[in-house]
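Work through the exercises below with the sequence and the model open side by side.

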Amino acid sequence: MHKLYNVGKIVNTHGIRGELKILPSTDFPEDRFAKGSELLIIPEKGGAPLPVTVEQARFQKNVVIAKFKEYGNINDVEKYKGSMLKISEERLGELEQDEYYYHEIVGCAVVTEDGEELGEIKEILSPGANDVWVVKMPKGKELLLPYIDDVVLSVDVQNKKVTVRLMEGLL
């Protein structure tokens, strides 16, 4: 079974032509909801994933309004409210150097350049100019690491290890 990754949640229908309001949960909404993109609806009430193809999508505030080729009517899509939209691993696509998927970073051990273990990355925040990686430290404290070149020295996705340089004021 291929791994599936969330790209969004269907929160509502939009209009009567089968468009859906989707709350995106992806770093690359422009790619994921591009015309021709192949996604899977994972029905909220269970059942087999349904492959769909994006016919058109537009961004509106924090949601995506998308129409799938397979559905042309509100009655066809109403039942998918609350369902997740996912993408299969082989459709993730190649990233640029120094770009990572959230699922590759979360769970990585964090060590300083001197080899001191700091903890494990629990989540990624996107507050603005750069992402912030939240590291859960052994005593329950959290360390917020800005994802910038001065701080994050190397990322080893294979071994789930991130090496960082702690700047003054971070700890």
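**Salt bridges and their surroundings**

R165 is partly exposed, with a relative accessible area of 38%, where partly exposed denotes the range between buried (under 20% relative accessible area) and exposed (over 50%), computed with a 1.4 Å probe on protein chains only. This is a predicted model, in which local features need pLDDT of at least 70 and side-chain atom pairs count only at pLDDT 80 or more, while totals for chains, interfaces and linings use all residues. Residues are numbered from 1 along each chain as its sequence is written, and side-chain values use heavy atoms, with hydrogens and water left out.

**Exercise 1.** Determine with which residue R165 forms a salt bridge, and which parts of the chain the pair ties together.

*Solution.* Begin with the criterion, which asks for a side-chain nitrogen of Lys or Arg within 4 Å of a carboxyl oxygen of Asp or Glu. R165 meets it with E113, the closest N and O atoms being 2.9 Å apart. Strands here are DSSP runs of E with at least two residues, and helices are runs of H or I with at least four, numbered from the N terminus. Finally, E113 is partly exposed, at 42% relative accessibility.

**Exercise 2.** Find how many salt bridges the rule gives, and state whether E19 is buried or exposed.

*Solution.* The count comes to 4 salt bridges. Among them is the pair E19 and R58, whose side chains meet at 2.9 Å, N to O. Since E19 belongs to strand β2 and R58 to strand β4 (residues 50-60), the pair ties together parts that are 39 residues apart in sequence. E19 counts as buried at 9% relative accessibility, whereas R58 is partly exposed at 35%.

**Exercise 3.** Describe where T26 lies and what T26 touches.

*Solution.* T26 is located in the loop between β2 (19-24) and α1 (29-32). Leaving aside residues up to four places away in sequence, T26 touches V7, R32 and F33, contact meaning heavy atoms within 4.5 Å.

**Exercise 4.** Identify where confidence is lowest and where it is highest.

*Solution.* The pLDDT, the predictor's confidence in each residue from 0 to 100, has a mean of 88 over the chain, and 96% of the residues reach 70 or more. Confidence is lowest in helix α3 (residues 102-105), at a mean of 84, and highest in strand β5 (residues 63-68), at 95.
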